Amino acid sequence: MGDLDVGAAPAGPRPEDHLEVLRRAVEGIGGSPRPGQIEMADAVAEALEDGIHLLVQAGTGTGKSLGYLAPALTHAVAHENRVIVATATLALQAQLAHKDIPAVLDSAEKVLPRRPRTAVLKGRSNHACLYRVRDGARPDQDALLTGEQLTEQARAATPGTDSELGAEVVMLREWAEDQAAHHQLGDRDDAPDHSPRAWAQVSVPVRECLGTRCIFHDECLFEAAREKARDADLVVTNHALLAIDALNGGTVLPEHDVVIIDEAHEVVDRFTGAASATLAPALVNSVARRASSWLDDDLATDLLDQTDVLSEALEATEPGRVTDPESSLIVAAQTLRDVSRQAVSAMGRGDDGESDTAGAERVQAQGAVREIFETAERIANLAAADVVWISESEYAGRAAQVAPLKVAGLMRASVLADTTTVLTSATLKIGGDFTAVARDVGLQPAERVQARPEALDTEMAWRGVDVGSPFDYRRQAILYVGRDLPRPGRDGISPKALDDLAELVWAAGGRTLGLFASQRSAVAAAEHVRKALPSLPVMCQGEGHLAGLTRRFIAEPEACLFGTLSLWQGVDVPGDTCRLVVIDKIPFPRPDDPLMQARSQAVTAAGGNGFMTVSAGHAALLLAQGSGRLIRRGDDRGVVAVLDPRLVTARYGSFLLASMPGFWTTTDREVAIGALRRLNQPT
């Protein structure tokens, strides 16, 4: 036997290979080893080897993406099994695909027997549909003319007109054809700039996909993406598609033995959203008109009449949860269910002389009617596992909503039962413990194990690991709680709290991210600070596109940015741009939120504490996320100011505080102001 080439990869993976992959990946991006990241990688590797579910809290700055990617890819190659990584959003999916994964692949190739294969998989509507591109303009799209006419009109178009829309559609169709010709995937993220309206003309909702009946099925761009995923060791997807896979019996994602859920604090909401549905008069009217070509006159009229029946029922019922099986909404849903069922059946029969195009349009319209039927059936059934309510908005009017009371059963049966699952986030411990999150995803406290057991009493065994954060929160930041401020009420932020806010912003020299419980409070705060401190630029969510406001916040050091929920979790601004994070009110869910009400009542009925489990748990998660906006790197300094005295005066305050980073805490405003002024002094 000849001498081994010391530069060659080993013949087979070794138990410690995930750490070598991690080390090389961190070096490759110019980083340095982090104890928490190494602890996380070891915990993930051990969980995958033992087949035990893992909840791992990895604080901001840990580098959790590399912490789970290194052991995941090592496991996939060693066992020739596929790993699914699910992120909260398409944006995070893209970050993994274009930044983190390439770094790990390059290091893995030097350590493992072969270079791992990876793929990204999104929902069908995120890929261009060749049927819609070539033959599938819907009958109700009268605004779209021929490509030549649209292009000619677009030359003189102004933004937002049908001419601009038409030009965008022409551009997207040409792009989609080029993607197909070069065997690409038609991914929306790779498309030229376009509006959502334009994309809707070249894509198709899941229910309207023709499947194998489509004459372009062999060229289908989404099916090409699925085929690539089936050949990959690691597939990156999102929570929504993971939920859709669970709801459809595992037929959407390729076979896999491991699921890693990143940003796992959002997964319950994403599963809830995927399992929810809306029934609005405008939707029924649109679908009925579209279906009328394939229905006899009487049935077409009956289906169209359901628009008025539903509208009248919604107007006759107060917004809020519906529990009475005799209510007008339930009766209307029953009627709509029966009529739409007949329509679905009638549309299943095509004419002998039906063209391929007409048949495709009929199948797509039938899919839209079937969705109306299934939603109406859920509402009509008023099942104990569902929550039904009437919503009302200023722009869309009233609509009927249905959502699952909880998704723990779905996740337990359709995710955890089939795969080893790792859930990770910077905020998984609510009130200082993993129990709440574990229960929400379908794991029970009694199933938790500590050490590596020789034998498992349950297939649902799980561990919880907190690998901490590389940041020294007590040294880097102060938590100031306005103990002497008035308790927040329904009238929005109080004048005294506004005065406190202005003084804190003055001390910080701007550089403030304001997180508010309502848009009304955010606007009031922006107006007050502008009057009190006219030299500081103050931006408020709603005054422009959020991405643009955030860019300006980063670019102008003395700027302030005030907003609501999307800022609590979606802004990453390290450095001196953000030295003060202000939270005006503990972010409890709205007391009139039907779904939260129903979940709280269910917990209470089962003998638990509905307020602490649902409302306080929701608030704790948001407080952890919101306060986490301040410290994003090792040299960040600043103050988190909570203008709600209940954080230190209410009995539940300690529970909420235990969910937040371990800042040094004070109720003395002058201490906070002094700290901010010192930070604002030039060095």
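This is a predicted model: local features need pLDDT of at least 70, side-chain atom pairs count only at pLDDT 80 or more; totals for chains, interfaces and linings use all residues.
By residue class, the lining of the largest cavity consists of twelve nonpolar, four polar and two charged residues, and at least two lining residues come from each of helix H5 (130–134) and helix H9 (221–230).

**A charged side chain over an aromatic ring.** Arg 134 is placed over the face of Phe 216, with a distance of 4.8 Å to the ring centre.

Seven aromatic pairs are found in a search of the whole structure. In one of them the ring centres of Phe 471 and Tyr 473 are 6.1 Å apart and the ring planes stand at 90°, so this pair is classed as edge-to-face. Phe 471 counts as buried because its relative accessibility is 10%, under the 20% limit, and Tyr 473, at 15% relative accessibility, likewise counts as buried. Ring pairs join Phe 471 and Tyr 473 with Phe 663 in a cluster.

**An open antiparallel sheet of four strands.** The strands follow the order S6-S9-S8-S7 in an open sheet with antiparallel pairing, and the edges are formed by strand S6 (277–279) and strand S7 (320–321), each of which pairs on one side only. Strand S7 is joined by two bridges to strand S8 (residues 386–393), to which it runs antiparallel; the bridge partner of Arg 321 in S8 is Trp 389.

How values were computed:
Residues are numbered from 1 along each chain as its sequence is written. Side-chain values use heavy atoms; hydrogens and water are left out. Two strands pair if DSSP finds at least two bridges between them. Ala, Val, Leu, Ile, Met, Phe, Trp, Tyr, Cys and Pro count as nonpolar, Asp, Glu, Lys and Arg as charged, and the others, Gly among them, as polar. Rings of Phe, Tyr and Trp (its six-membered ring) pair if their centres lie within 6.5 Å; planes under 30 degrees apart count as stacked, over 60 as edge-to-face and the rest as tilted. Buried means under 20% relative accessible area, exposed over 50%, partly exposed in between (1.4 Å probe, protein chains only). A charge sits over a ring if NZ of Lys or CZ of Arg is within 6 Å of the ring centre and within 35 degrees of the ring normal.
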